[in-house]
Amino acid sequence: MLKFLIKGIFRDRHRWFFPILIVMFSVAIMVFFSAFISGFQLSYIRQSARFSNGHTKVVSRAYAEVLEMKHYDLALMDIDDEFEEWKAEYPQLEWFERINFGALLDVPDEFGETETQVDVAGMAVDLTGSSKEIERLQLKQALRKGRLPRESGEILLSDLVADKIEISLGDSITLMGSTMFGVMSLRNFEVVGTVEFGIPALDRGAVLADLEDIREMLDMQDAKSEIFCYLKDEEYNLKTLTQIANDFNRRYSDEDDEFSPLMLRLHDQGSLGSILSLYDHSQFWMSIGFIVIIGIVLWNMGLLNGIRRYSENGIRLAIGESKDQVYASLLMEALIIGIIGCILGVALGILFCHLFNKVGMDLSLYNKSTNMMSENILYTVLNARAIITGTLTGLFASLLGSALAGTAIYKREISQLFKELET
Amino acid sequence: MMKEKVAIVKNMGKAFPTGEGDFWALKHINLQFERGEFCGLVGPSGSGKTTLLNILGSLDKPSEGEVEVLGKQVHRLNHKQASKLRAAKLGFIFQTYNLLPVYNVYENIEFPLLLLKMDGAKRDRMVRDAIEWVGLEDKIKSRPNQLSGGQCQRVAIARAMVKRPELVLADEPTANLDSENSYMILDTMQNLNKELGTTFIFSTHDQKVISYLRRIITLTDGEVSSDDIQISS
């Protein structure tokens with residue numbers, strides 16, 4: 001019977017051409033948009049992980065309570081041995097210390113008096129030559145003027161800040177802050193370069209200094225405020241990271257000790273989890289929207305087809321097919337059309353993604369005008385999810401359209417068949 | 001010897017609701033059809049021929065009385081049971097052939113057997129037999145739009161006969177055919193009736209068909225006004 005149905009579908013252009021075309025384009029669009037959203041999501045995750053969240057981050061429980069405030073006075077203390085133990089226990093992770101701090105940047109005039117002051121958000125990272133942090137933060141690409149720090153006492157300034165306070169390379173600046181114990185602290189630096197990340201949150205007031213310099217300035221020799229962890233393959237894998245974080249927290253974190261370590265996944269930090277689930281929901285609702293819209297289009301086509309095939313369905317009922325059987329065969333036709341449309345649609349969607357990825361989408365202007373952390377060039381990420389979402393959308397839409405249109409068969413008066421079939 | 005009854009109609013009536021109360025299309029019908037009969041329901045338009053054919057074909061139910069077709073009480077069958085009866089034991093021939101346009105001759109004839117889930121080899125043998133009965137061996141791959149009206153009706157007959165039904169109901173089967181094709185069709189059906197013993201019940205007012213009938217049941221205003229046996233056909 002299936003072979004019989006397939007023959008019927010392909011010998012009647014009206015049955016397959018437009019339905020397959022509609023399903024195919026819907027699936028292609030759905031695959032493309034799912035890949036686009038996944039690309040956006042991944043770009044957001046990568047940038048967030050790179051600059052502010054890591055794949056996971058270890059902080060004290062007290063620090064985690066006010067995570068956004070970056071209270072380095074709530075840092076983990078005297079944990080050098082534990083830190084080495086963690087590195088050994090979780091070899092799948094790479095561990096990096098960073099300190100995020102706020103300070104006042106003071107620019108002296110020729111007499112050493114304050115000429116300009118500006119608030120800055122500082123980031124202290126390991127800038128020694130072999131550090132992977134330089135690569136991760138893409139500092140070489142972000143460098144606008146000068147060079148990266150090579151020695152103690154050298155600092156990078158945001159290009160925007162440098163322009164604003166008219167600082168040149170080689171100028172001295174003073175960072176004024178407070179140590180983690182609340183004592184005022186000053187340290188002079190030489191500006192050796194300016195950077196622009198294309199991320200307003202960083203570009204508006206960032207300074208980047210070597211970890212050891214800032215540790216000394218903030219009196220944090222025995223403290224670690226934030227330890228960033230990255231999976232070695234650099235790919236954010238939520239499942240793996242969840243397992244690691246759960247295991248770490250079970251072993252090392254103590255709910256009753258606010259200075260015990262706590263590992264936070266990227267998803268757990270601030271509103272990132274809800275933003276990422278928003279992307280997931282948007283994919284889901286977009287898929288539902290497509291199913292409904294395409295379902296309605298196919299429903300309409302199914303109704304027209306039902307009129308065209310009125311006598312065919314009539315004769316089938318007269319010959320002895322039950323209404324359920326006729327309805328099931330219409331659904332089977334829809335499934336066959338849906339499967340073919342999905343196969344073609346997935347292929348077309350992959351082609352769209354491939355073509356799109358040749359150039360990508362330049363988001364640099366968008367990034368400058370928002371606080372979103374995403375890479376400047378957006379590429380689609382074609383994954384199983386995009387293909388499954390597209391395929392399910394196509395299949396459900398195809399079945400929905402036929403399921404709705406096919407209900408007309410139940411309104412058919414069998415007793416009128418002879419009369420209907422005589423006309 | 002008493003012949004087996006394929007259909008028994010007892011005091012049957014069929015009413016259709018109208019704005020002014022029920023309209024009785026059939027009244028007090030009492031008929032019996034024996035296996036192998038070649039009979040016709042004749043009468044003017046509106047006399048109830050098609051309504052009676054509908055009920056005998058389990059496409060409709062009587063409003064009163066009893067109708068038994070091939071041992072099944074038609075008035076007690078639900079839709080699925082009626083479909084099963086039609087699929088297994090009844091054949092239908094329509095005035096306008098109603099072939100499935102996207103399928104060829106072979107496939108149109110094969111279709112009723114697919115519904116019976118018959119195995120491939122047996123199905124093929126039965127389809128080829130049916131094609132042979134109606135003399136369309138050379139048109140096996142043709143689509144309905146490549147056939148003449150007469151050939152289409154022969155396909156329709158083969159489709160009705162392929163499952164070897166016990167009862168074939170034909171509604172004005174020659175209405176769209178010229179004389180030559182009409183006689184050819186009637187000859188074919190008569191031969192099948194004789195060879196396979198299949199019961200044929202026609203609804204017709206075509207004299208050519210009437211001339212072939214061995215039993216003529218005349219309906220007038222929903223009632224049987226005569227029920228005659230013809231000596232020769």
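Which strands does helix α1 (residues 49-56) of chain B lie across? Helix α1(B) lies across β1, β2 and β4 (64-69) of chain B, and runs at about 120 degrees to β1(B). Axes here are lines fitted to C-alpha atoms, for helices over the stretch in contact, with angles from 0 to 180 degrees between N-to-C directions. Helices (H or I, at least four residues) and strands (E, at least two) are DSSP runs, numbered from the N terminus.

This is a predicted model: local features need pLDDT of at least 70, side-chain atom pairs count only at pLDDT 80 or more, and totals for chains, interfaces and linings use all residues. Residues are numbered from 1 along each chain as written, chains are lettered from A and ligands numbered from 1 in written order, and side-chain values use heavy atoms, without hydrogens and water.

Now the sheet. In chain B, four strands form an open sheet in the order β2-β1-β4-β5, with antiparallel pairing; two strands pair if DSSP finds at least two bridges between them. β2 (21-34) and β5 (72-73) of chain B each have a single partner strand, so one side of each lacks a neighbour in the sheet. β1(B), residues 5-18, is joined to β2(B) by 10 bridges. B:K14, for instance, has B:L26 in β2(B) as its bridge partner.

Next, the interface. In contact (heavy atoms within 4.5 Å) are 27 residues of chain A and 32 residues of chain B. Three salt bridges are counted between the chains, a salt bridge being a side-chain nitrogen of Lys or Arg within 4 Å of a carboxyl oxygen of Asp or Glu. The side chains of A:R11 and B:E107 form a salt bridge, at 2.4 Å from N to O.
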